[in-house]
Structures are given as structure tokens and as C-alpha cells.
Amino acid sequence: MTLTLLIEQVLNGIQLGTMLFLMASGLTLVFGVMGLINLAHGSFYMTGAFVTAWVTGLTGSFWVGLLGGVLAAAAVGAVVEWTVIRRLYHRDHLDQVLATFALILIFSEGTRWIFGSSPLWLNVPDSLSGSVTLPGGVEYPLYRLAIIVMGVAIAIGLYLLISRTRLGMRIRAGENDREMIGALGVDISTLYTLVFALGAALAGLAGSTIGALQSVQVGMGEPVLILAFVVIVIGGIGSIKGALIGAVLVGVVDTLGRVLLPGLFKLFMAPSDASGVGAALASMLIYVLMAGILAFKPNGLFAAHD
Amino acid sequence: MTSLESHIPSRSPSLGRRPLSRETVIGWGLILVLVAAAVFAHLAGEPFYVNLASRIAIVALAGVGLNLALGFGGMVSFGHAAFFGIGGYVAGIGAFHAFDQSPLFGLSGLPAGSDLMPVLWLSALLVCGLVAYAIGAISLGTSGVYFIMITLAFAQMIYYFAVSWPTYGGEDGLPIYIRNSLPGLDTNNPLVFFTLCMALLGLALFLTQRWMNARFGAALTMARLNETRLATAGVEPRPIRLAAFVISGMITGVAGALFADLNGFVGPSMLSWHRSGEIMVIVILGGVGRLCGPLAGAILFVMMETLLGGLTEYWQLFLGVVLLAVVLFARGGVMGLLAGRERYA
């Protein structure tokens with residue numbers, strides 16, 4: 001294990017963490033403001049990726065595709081909120097889980113119906129292809145680096161949006177006391193639709209950007225969704241700060257576990273066994289991390305409220 | 001908050017014989033219809049439909065397990081596929097080692113595998129009980145959304161473990177070449193296998209009914225309705241919940257063992273979170289916290305799967321629409337529709 005490889009893997013972990021943050025921040029906002037647990041969040045991720053791949057294929061421009069993907073995800077999010085989700089705010093979590101599980105089935109099969117079962121492909125845009133040499137001599141793909149930079153920008157943007165703007169003030173007020181901001185004349189339904197569409201757009205952005213690294217296929221949102229759940233549970237549901245720290249933690253632990261554990265087990269096991277056991281344990285690592293954190297802090301690291 | 005007095009005595013056996021409730025009649029009706037359908041299909045020489053009936057019984061059994069935690073105990077577990085899959089793997093691994101006469105897990109100190117169903121069922125009960133105890137002990141410290149997520153995470157953990165453990169097939173799963181046996185019975189006969197599944201389902205329903213009418217059931221109901229009140233009455237809620245969660249996992253585990261035998265195959269798909277969702281859907285479609293709800297839900301689910309699946313490969317789209325409609329507009333599920341809203345919320 002050389003230092004360069006280690007740095008590269010840490011960067012990969014941060015890049016995964018960035019994706020998870022985009023997903024988790026939407027989930028945690030929707031939970032914090034509306035008290036809704038949304039399993040269908042991965043569907044917006046998938047929508048973003050599919051529309052980006054489709055529009056990029058039509059226009060030839062990745063950037064137009066990216067814009068289209070994010071807007072489509074936001075639009076789908078707004079429509080879903082308007083038709084289904086707003087009936088669920090006063091229901092218990094069981095109903096929310098089931099209804100959004102039903103939405104997953106509808107979205108996945110609907111997408112399969114429209115786009116077929118074979119995956120779509122999306123290439124990294126020319127301006128971001130190739131790799132850069134970082135200080136210390138590490139070669140790293142430019143596109144992945146751009147994702148990390150974008151993630152940092154989004155995190156700062158979200159922080160400013162929530163702490164400095166009128167919309168952010170209403171979101172925070174909504175988290176604290178729904179009835180009161182309604183009584184003060186804020187149109188809550190519109191606020192909820194906006195927050196939901198914002199979360200969907202962030203998920204769509206994650207799907208669109210990751211589409212250039214993986215194949216775009218039905219069901220691609222589900223593994224990310226479950227990781228995002230782990231993130232918000234670790235970070236504390238409803239807390240954006242928790243989502244950020246949880247996302248980076250999960251991203252780095254998961255990536256490094258997969259690289260380091262098989263090597264670690266080779267120290268005292270036969271190599272063939274070691275890679276199997278190492279891989280098995282590495283894939284369980286973040287869940288062990290989550291169980292460990294919840295055993296000591298049942299409401300996550302930065303619980304906002306519950 | 002609903003008061004304790006208005007519910008518990010009416011369900012307690014101390015009041016003596018009551019006239020059969022509509023729900024009981026419907027429950028027996030569903031059981032009879034399923035048995036009659038299986039026997040008829042067998043006589044007509046249609047093993048496919050007998051196996052379909054077995055599938056309904058098994059899926060219903062898994063639902064009965066989840067219903068104890070979710071319906072009666074109010075613990076929304078989104079990870080019951082873990083128990084379903086572990087039960088399946090117990091049957092699969094037992095048969096795997098019985099087939100080539102090797103010790104369990106290839107470790108020389110351990111006994112050889114077994115292909116006897118009672119041994120496998122007991123092992124499934126034991127293993128699932130232990131796993132459910134571990135998961136429950138950690139998860140029950142949390143509540144609400146955290147409980148949903150942490151049970152999901154534990155199931156995913158076991159799923160990824162099965163996927164990346166190469167000895168038992170990893171991602172490809174593990175075939176069971178010869179259906180596990182029961183002395184004196186031909187388990188390969190579809191009707192015999194159906195009878196076994198139905199007997200276990202009946203046993204689980206009977207036991208659930210007994211438990212829910214006993215002090216345990218009263219305490220579990222109260223733990224769901226008003227925890228503080230239960231504690232004031234001198235009963236600690238947490239051990240009651242944990243016991244219900246463990247029993248719930250064990251029942252679902254036995255269903256998994258049967259399911260593996262029915263398909264002659266066990267794979268990670270039995271552990272996937274979609275499976276957890278499906279078991280949950282069955283409980284909801286049938287009616288949460290109704291004794292025979294899971295049976296009604298299983299009949300509806302498997303019928304939809306077979307009928308719609310025959311018409312279109314996108315049948316899950318329609319399942320999604322039906323489920324959405326049930327959740328939004330028809331709370332109470334099939335039993336709520338047929339037997340009325342007896343159950344308190």
C-alpha cells in the first residue's frame with residue numbers, strides 16, 4: 001500500500017461522500033421540515049440520470065443534459081409532492097414507508113417501460129476528461145475532482161440558503177413549529193412543495209453526475225438510497241451538518257474498508273480466504289459503524305429534533 | 001388515547017365463550033378456500049397450482065411473523081427479509097452439507113449437515129431467534145424512523161455478507177438439489193409439501209391467537225398504545241417488545257426455510273430489502289394487526305403476481321398503484337374491508 005494509492009482512495013471516499021451528501025441533504029431536509037420519510041428519493045436520482053443520458057444523447061451536450069436532468073428531477077419531485085406526498089404528512093411512518101415503497105415500484109417499472117431494461121451510457125464531458133496531478137504527485141481523474149468541488153460548493157450554498165435567505169428562514173421556522181408559521185401567513189403548502197422539489201433536484205444532480213461514472217440503469221438509485229439512509233441516521237435525522245459529516249464518514253470508511261481490509265486479513269490468513277472474508281466484512285463495515293453509533297447515541301451524532 | 005379497559009377484557013379468554021366474530025369466520029373461510037383449492041388442483045393433476053398454494057401459505061407465514069412485531073407490537077421492522085433469508089440459508093446450508101456428507105461450514109469439529117426438515121426448522125428457529133435477539137436488543141433502543149432505518153441497515157448488512165461469502169454461492173445463491181425430507185412422508189409430493197406448509201401456518205396462527213389473548217398479548221398491545229401506562233402497571237415495556245420481536249423473527253425464519261425448499265434454491269434475493277418491503281406489503285394489504293390479515297394479503301399478493309405477471313412483465317407497476325391506493329384510501333386492507341374496522345388505531 002503506497003501513500004499515493006492511499007491518497008487516491010481517500011479522495012474516492014470523499015467523492016462517494018459528496019454523492020451521498022447530495023442525496024442525504026434532500027432526505028434530511030424533507031424529514032426535518034415535513035416529518036416525512038421518503039423511500040422514493042432514489043427514484044429522483046434515477047430520473048436525473050436517465051433524463052441527463054437521454055438529453056445528452058439528443059443534443060450532444062453534457063451540460064444541457066445535466067440541466068435537463070436536474071430540472072426534470074425537480075419537476076417530478078414537485079408533481080409527486082402535489083399528487084401523493086402531501087396526503088402523507090399527517091400519516092404515521094408506516095404509511096409513509098409503504099406509499100413511498102409503492103412509488104419506487106411505479107417509478108422503476110415505469111422507467112423500464114419507457115427506456116427498456118438495457119442500461120444507457122453517458123460519457124464524461126470532454127472539458128472534464130483526463131486527469132490532473134495533485135500536489136504530492138497523485139494522479140487523479142479531473143471529473144471526480146470536479147464532483148468533490150461541486151459538493152463543497154453545494155454544501156456552502158445550502159448553508160447560505162438555509163441560514164441567510166428568507167426561504168431558509170421559513171424552512172427553519174417550519175422545522176420548529178409548523179402551525180405557527182402557518183398562522184403567521186406563510187403559505188405552507190407551497191413551502192413544502194418547494195422544499196421537496198429542492199431535495200429532488202439535489203438527488204437528480206447526484207444521479208446526473210454519477211451517470212457518467214456508472215451505467216445508467218433501473219434500480220441504480222436503491223443502493224445509494226440505502227447508503228443515504230445510513231448517512232442521515234448516523235448524522236442525526238433533520239440535520240444538514242450531520243448529513244455532511246455522516247456522508248464523508250460513510251464514504252471514506254466504505255471506500256477504505258474495501259481497499260484495506262482484504263490486505264489486513266492477508267497478514268494472518270491464507271490469501272484466498274483473506275480476500276473473501278475481507279470483502280465480506282468490508283461490505284458490512286458501514287452498517288457496523290452505524291449500529292455502533294446508534295447503540296451509544298440513539299438519535300445520531302447531531303440530532304436536530306425528533 | 002384509547003383506554004385499556006375498552007379493549008383488553010373483550011379479547012380476554014376469561015369472559016368465556018363468545019359468538020364467533022366476523023373476522024374469525026373470514027379467517028377460517030380463507031383457510032378452507034386455500035386448502036380446497038390445493039386439493040382440487042392436486043386432483044386435477046395441476047402441480048403448478050398446488051405449489052402456488054404452498055407459496056401463498058409460506059408467504060402468509062412470513063407475514064404472520066412480521067404482523068406480530070409490526071401489527072400487534074407497533075414495531076415497524078423494515079428488515080424482516082433478514083430472518084426470511086437466514087431461514088432459507090439454514091435449509092440450504094444444511095442440505096448442502098448433507099448432500100456431500102461434509103461437516104457444517106467445512107469445519108472438522110462440527111457435525112455433518114442434515115436434510116431432515118424438523119432439524120432444519122429447529123435450527124432456523126434457533127439461529128433466527130439469536131439474530132433477532134441481537135438486532136432487537138440494539139434496535140429497540142431507538143424508535144420511530146430510526147427503528148425503521150436500523151432494521152433495514154441490519155438486513156442490508158446480512159445481505160451484503162451473503163453476497164460476498166463465496167462458500168455458499170455468494171451472489172449466485174445455493175441450489176438445493178434434493179428437497180429436504182421428513183421421515184414417513186414424501187415431501188416431493190406437492191400436496192404433502194402444501195400440507196406441511198399449511199400445518200405450520202395453522203400452528204403459527206393458533207399460537208399467535210393464544211399469545212394475543214394471554215397476558216403477554218395484553219402487555220404487547222399496551223406497549224404499542226401507551227408505553228408509560230404499561231410501565232405504571234408494573235410491566236417493563238422493553239422486554240415484552242424484545243420477546244415479540246424475537247418470536248416474530250423466528251416465525252419468519254421458518255417461512256424462509258420452507259420457501260427455500262419450495263424453490264429448491266436460496267439466494268441473496270431472499271435477503272434483499274425488496275423482500276422486506278414485500279412481506280410488509282402483504283401484512284398491509286391484508287390488514288395490519290389482524291390475525292388472518294397476512295393470509296388475506298398473501299392470497300391477494302400471490303394472485304396479483306401470477307395473474308398480472310402473466311399479462312405483463314411490468315406487473316410491479318400495477319402492484320405499486322394498488323398498494324398506493326390501499327395506503328391512501330383503504331386503510332385496514334382486505335380484512336378491514338371484509339370484517340369491518342374492529343381494530344383500534
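Q: How many residues does the contact take from chain B and from chain A?
A: In this predicted model, the contact takes 36 residues from chain B and 37 residues from chain A. On the side of chain B that touches chain A, α6 (145-163), α11 and α13 (315-329) each supply at least two residues, and α6(B) gives the most, with twelve residues.

Q: What makes the residues of the side of chain B that touches chain A nonpolar, polar or charged, and how do they divide?
A: The sorting goes by residue type, with Asp, Glu, Lys and Arg counted as charged and Gly among the polar ones. On that side of chain B, 28 residues are nonpolar, eight are polar and none is charged.

Q: Why is B:V246 called buried?
A: A residue counts as buried if 20 or more other C-beta atoms lie within 10 Å of its own. B:V246 has 23 C-beta neighbours inside 10 Å, and therefore it counts as buried. This residue lies in helix α10 (residues 237-263) of chain B, and, leaving aside its neighbours within four places in sequence, B:V246 is in contact with B:G129, B:A132, B:Y133 and B:G136. B:V246 and B:A137 are 109 residues apart in sequence, while their C-alpha atoms are 9.6 Å apart in space.

Q: How do you know that the reach of helix α11 of chain B is close to what is expected?
A: The expected span is 1.5 Å times one less than the number of residues. Helix α11 (residues 273-286) of chain B has 14 residues and reaches 20 Å from its first C-alpha to its last, which is close to the 20 Å expected. After α11(B) comes B:G287, whose phi is positive, near 130°.

Q: Why is α1(A) called roughly antiparallel to α8(A)?
A: Two packed helices are described by the angle between their axes and the distance between the axes. The axes of helix α1 (residues 3-34) and helix α8 (residues 188-210) of chain A come within 8 Å and cross at roughly 165°. Angles over 145 degrees count as roughly antiparallel, and so α1(A) is roughly antiparallel to α8(A). The crossing of α1(A) and α8(A) is left-handed.

Q: Which residues make the contact of α1(A) with α8(A), and how do they divide?
A: Among them are A:M19, A:L22 and A:G26 of α1(A), together with A:Y192, A:F196 and A:G199 of α8(A). The residues of this contact divide into 17 nonpolar, three polar and no charged.

Technical notes: Residues are numbered from 1 along each chain as its sequence is written. Chains are lettered from A and ligands numbered from 1 in the order in which they are written. This is a predicted model: local features need pLDDT of at least 70, side-chain atom pairs count only at pLDDT 80 or more; totals for chains, interfaces and linings use all residues. Helices (H or I, at least four residues) and strands (E, at least two) are DSSP runs, numbered from the N terminus. Two residues are in contact if their C-beta atoms, placed from the backbone, lie within 7 Å. Axes are lines fitted to C-alpha atoms, for helices over the stretch in contact, and angles run from 0 to 180 degrees between N-to-C directions. Angles under 35 degrees count as roughly parallel, over 145 as roughly antiparallel, 65 to 115 as roughly perpendicular and the rest as oblique. A crossing is left-handed if the near helix is turned anticlockwise from the far one by less than a right angle, and right-handed if clockwise. A residue is buried if 20 or more other C-beta atoms lie within 10 Å of its own, exposed if 12 or fewer, and partly exposed in between; C-beta atoms are placed from the backbone.
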